[in-house]
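Trainee: Could you show me how to read aromatic pairs in a model like this one?
Mentor: Gladly; let's look at it together.

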Amino acid sequence: MKALLLKDWFVIRSQYKFYVLLYLFIGVVGLLSDTGYLNAYCMIIMSTISTNLLQNDETCRFLNYAAVTPISRKQVVAEKYLLNLVLIAVTCLYMTLFRILAGLIHGNLAEGMAEMLAVACLFLTVGTLMTGISFPLLFRWGAMKGKMIAIVLYGCVAGVFTAGYVGLTLHWFVGGVDINIPVLAVIGAACLFVLYPVSYLLAVRWYDRRELI
């Protein structure tokens, strides 16, 4: 497991330097804005790193190499999920620091802290939902076909989230009621503790059945 994590870390360090600049750009833009929801794009970017690492393994035939080593398929799957959780945690911490700094700059730290909780829950939901959907598909059908199916499912989920967001926005505009942070926390926790374990078990099962060419 440690060797797999180190392999992906070296790949991230060598191939994804541009993402550091992109993270900094989004963070700076967030400092200039009163809202931190723009920063949720960082989690979307992070999710693409996780899926691209798996695609890179397939392109470089690492999955075929791992199949003839003592590394089990379950370990390959577990490492990708563990790495993604680490990336989610790092992204949440990174953007939390930016939101605290933004609160100090705009003089609304108390409001910023409340918003920070909502944004953190949003980060958690987006990060676990995107990879929770895509990982089983990528492990089952490979990078190309799996990504196509995942994009279709992303569209369906995005439609539901968009409708919900519009409804919440209209509710806030008409009634002047803030978005309920505990509700967002429950949604984020459900994605992390319910969706993610189910996604992992499904990925392990499907990957065991897959024939590597």
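Mentor: Let's begin with a term: a residue is buried under 20% relative accessible area, exposed over 50% and partly exposed in between (1.4 Å probe, protein chains only). This is a predicted model, where local features need pLDDT of at least 70, side-chain atom pairs count only at pLDDT 80 or more, and totals for chains, interfaces and linings use all residues. Residues are numbered from 1 along each chain as its sequence is written, and side-chain values use heavy atoms, with hydrogens and water left out.

Trainee: How is a pair of aromatic rings described?
Mentor: By the distance of the centres and the angle of the planes. Rings of Phe, Tyr and Trp (its six-membered ring) pair if their centres lie within 6.5 Å; planes under 30 degrees apart count as stacked, over 60 as edge-to-face and the rest as tilted.

Trainee: How many aromatic pairs does that rule give?
Mentor: Eight. One of them, Y81 with F135, is edge-to-face, at 5.0 Å centre to centre and 65 degrees between the planes. Y81 lies in helix α5 (residues 73-106) and F135 in helix α6 (residues 109-141), so this pair ties together parts 54 residues apart in sequence. Helices here are DSSP runs (H or I, at least four residues), numbered from the N terminus.

Trainee: Are Y81 and F135 buried or exposed?
Mentor: Both are buried.

Trainee: What about F139 and Y207?
Mentor: Their ring centres are 5.1 Å apart and their planes at 55 degrees, so the pair is tilted. F139 in helix α6 and Y207 in helix α8 (residues 181-209) are 68 residues apart, and both are buried.

Note on methods. Helix = DSSP H or I, 4+ residues; strand = E, 2+ residues; numbered from the N terminus.
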